[in-house]
Amino acid sequence: MERLEKFLTAASDLIWGPPLLILLIGTGIFLTIRLTVIQLRLLPYSLKQVFTRKHDKKADGDISQFQALMTAMAATVGVGNIVGVASAVVAGGPGAIFWMWLAGFFGMATKYSEAILAVKYRVKDSKGLMAGGPMYYLEHGLKQKWLGVLFAIFGALAAFGIGNGTQSKAVADVMKSTFDVPHWITGAVLLAFGALVILGGIKSIGRVTAFFVPIMALFYFIAGAIVMVLNIEQVPAAFGLIFSDAFTGQAVAGGAIGAVIRFGVARGLFSNEAGLGSAPIAAAAAKTDYPGRQALVSMTQVLFDTLIICSITGVTIVMSNQWQDKSIDAGALTAAAFGSFLGGIGPILVSIGLVFFATSTILGWSYYGEKCFQYLVPNRIAVIIYRVIFVAFIYVGATSSLDLVWLLADVLNGLMAIPNLIGLLGLSGVVVLETRRFKKKIDEEREEARK
C-alpha cells in the first residue's frame with residue numbers, strides 16, 4: 001500500500017507538472033489567437049445570452065442553456081474555490097492570484113471551444129436524450145475513437161474522487177469542525193439529497209442546480225463584498241501586492257517566481273476545469289439553435305468561477321495578511337481570513353459556502369461520470385446501476401479516509417485533459433468555422449433589432 005501511494009503521488013506530481021500546465025495554458029493562448037480574443041469581443045453578448053433564454057425554447061436539447069451553465073458551474077465551483085485558492089497563496093504567494101486570473105482569461109477561449117464542439121458532435125441516445133462531450137467529438141470529429149474511449153474511462157472513474165468522495169469528505173469535515181455534526185449524519189443527509197436529485201437524471205439535476213447555484217454564488221459574493229466594502233482602504237494595497245508579487249515572487253521564500261506562476265496557473269485551471277473536458281458534457285445537453293450560442297454561454301462559467309468567486313477568496317486572504325502565518329494551513333486559511341474581518345461569523349460563512357460549493361460539485365460530476373460510463377456501456381440498466389453506486393459512494397466518502405482513491409482520482413482527472421486537448425487542437429479549424437457561422441447569425445439578430 002505504501003508503495004502504491006508513493007507511485008500515485010509521483011504520478012500525480014508528474015501529470016500535474018509543468019508539461020501539462022504548459023499544454024493547458026498554451027492551448028488557451030492558441031485558441032484565443034485563432035478566435036481573435038473572443039472572450040473580450042463577444043463577452044457582452046455572452047452575458048446577455050446567460051439571462052435571455054428565448055432562443056432555447058424549441059431547440060433540440062434536454063435542459064435550458066441556463067440550466068446547462070448552472071450544471072457546469074455546480075461541478076466546477078467546489079472546494080477548489082475556497083481551499084484551492086488558499087493553497088495557491090500559501091505555496092506561491094499573493095502573486096499566484098494574478099496567474100490564476102491569466103489562466104482564467106485564456107481558459108475562457110478553451111471553455112468556449114469545448115462547448116462548441118460538444119454541441120456540434122452530440123448525438124441522441126436510445127431514450128432520446130442528448131449525449132456529448134470530448135468522447136463524441138474525438139470519435140466523430142477527430143475520427144479517433146480510441147481517444148474518446150480513453151477520455152471516457154478516465155472521466156467515469158475520476159468522478160468518484162474529484163467529483164464525489166473528496167467533496168463529501170470536505171463537507172463532513174467542515175460540519176464536524178464548525179457545528180460538531182458527526183460524519184455519519186452528514187454522510188446520510190448528503191446521501192439522501194444526492195439520491196433525490198441524481199437518480200432523476202439530467203433534467204432533475206438541471207432544475208436543482210439552476211435554483212441552487214445562483215443562490216450559493218450570490219451568498220459567497222455578498223460575504224466577500226461586505227468584507228471589501230467595510231475595509232475598502234485595504235483593497236488597493238491588496239491588488240498592488242498581487243500585481244507586484246506576480247513578477248517578483250518576493251513573498252515566496254527565495255523569490256521563486258516559478259512557484260508563483262506554477263501554483264497560480266495550476267489552481268486556476270483546477271478550479272475552472274478549462275481544458276479538462278468535463279464541462280462540455282453538460283453543454284451538450286443544452287437546448288440551443290447554434291453550437292456557438294451555447295459556447296458563448298459556457299464561456300461565462302470561467303468568468304464567474306475564477307475571475308469572480310476565486311478572486312473573492314484570494315483578495316480577502318491577501319487583505320487579511322493571514323497567509324503570512326505559517327501555523328495556518330491552506331484548509332483553514334480562508335476561514336481565518338474572513339474571521340479576521342468578521343469575527344466569529346466569518347468562519348461560519350466560509351463553512352456554509354464550502355458546504356454549498358462541495359455539494360453542488362457532487363451533482364454536476366454525477367452527470368459527467370454517468371455520460372462517460374454511458375459512452376463505454378450504452379445500456380440503460382448499467383447506467384442506472386452506475387448512478388446508484390455513485391450515490392452510495394457519497395456516504396463512503398463522507399465517513400472514510402480513502403487517501404489512495406483521492407490520489408488515483410487526481411491522476412485520472414489530469415489524464416482526462418490529454419485526449420481532450422488533442423481534440424481541441426486538432427479540431428480548432430472546426431471551432432473557427434462554427435464561430436464565423438454564428439457570428440453571421442449575431443449580425444442578423446442585431447440588424448433585426450435595429451428595424
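Analyst: We can begin with the word pocket, which here means an open set of grid points with protein on both sides within 12 Å along at least five of seven lines, and its volume is the space filled by probe spheres set on the points. The model is predicted, and in it about 1200 Å³ of space lies in the largest pocket.

User: What makes a residue part of the lining of the largest pocket, and which residues lie nearest its centre?

Analyst: A lining residue has an atom within 4 Å of a point, and 43 residues line the largest pocket, with Val79, Val83, Gly84, Arg267 and Phe270 lying nearest its centre. The largest share, nine residues, is given by H10. By class the lining of the largest pocket has 22 nonpolar, 14 polar and seven charged residues.

User: What makes a space a cavity, and how many of 30 Å³ or more does the structure hold?

Analyst: In a cavity a 1.4 Å probe fits but cannot get out, and the structure holds one such space of 30 Å³ or more. The largest cavity has a volume of about 50 Å³. Its lining includes Ala68, Lys111, Ala115, Ala283 and Gln294, and the elements that give two or more residues to that lining are H5, H7 (96-120), H15 (279-283) and H16 (291-320). The lining of the largest cavity divides into seven nonpolar, three polar and one charged.

User: Why is glutamine 294 called buried?

Analyst: Buried means under 20% relative accessible area, and glutamine 294 has 0% relative accessibility, so the label applies. Glutamine 294 is found in helix H16, and leaving out residues up to four places away in sequence, it touches Gln65, Ala68, Ala115, Val119, Ala283, Ala286 and Thr288.

User: Why does threonine 334 count as buried?

Analyst: Its relative accessibility is 2%, which is under 20%, and threonine 334 therefore counts as buried. Threonine 334 has its place in helix H17, where it touches Ile82, Ala86, Tyr220, Thr313, Ile317 and Val350, again not counting residues up to four places away in sequence.

User: What makes a set of residues a nonpolar core, and which members of the largest one touch the most others?

Analyst: The members must be buried residues of the nonpolar kinds that qualify, joined through side-chain atoms within 4.5 Å. The largest nonpolar core has 142 residues, of which Tyr112, Leu117, Leu296 and Tyr368 touch the most other members. The largest share of this core, 14 residues, comes from H16. Leaving aside neighbours within four places in sequence, tyrosine 112 is in contact with residues that include Leu35, Ile38, Leu296, Met299 and Val431. As a general matter, nonpolar side chains tend to be buried together in soluble globular proteins.

User: What makes the phi of aspartate 180 and of glutamate 273 worth noting?

Analyst: Most residues other than glycine have a negative phi. Aspartate 180, which is not a glycine, has a positive phi of about 55 degrees, and glutamate 273, also a residue other than glycine, has a positive phi near 60 degrees.

User: Are aspartate 180 and glutamate 273 buried or exposed, and why?

Analyst: Aspartate 180, in the loop between H10 and H11 (183-198), counts as exposed because its relative accessibility of 54% is over 50%. Glutamate 273, in the loop between H14 and H15, counts as buried because its 6% is under 20%.

Definitions and conventions
Residues numbered from 1 in each chain as written. Predicted model: local features only at pLDDT ≥ 70, side-chain atom pairs only at ≥ 80, totals over all residues. Heavy atoms only, no water. 1 Å grid on protein atoms, 1.4 Å probe; cavity = no way out; pocket = protein on both sides within 12 Å on 5 of 7 lines; lining within 4 Å. Helix = DSSP H or I, 4+ residues; strand = E, 2+ residues; numbered from the N terminus. Nonpolar A, V, L, I, M, F, W, Y, C, P; charged D, E, K, R; others polar. Buried < 20%, exposed > 50% of the residue type's maximum accessible area, 1.4 Å probe, protein only. Contact = heavy atoms within 4.5 Å.
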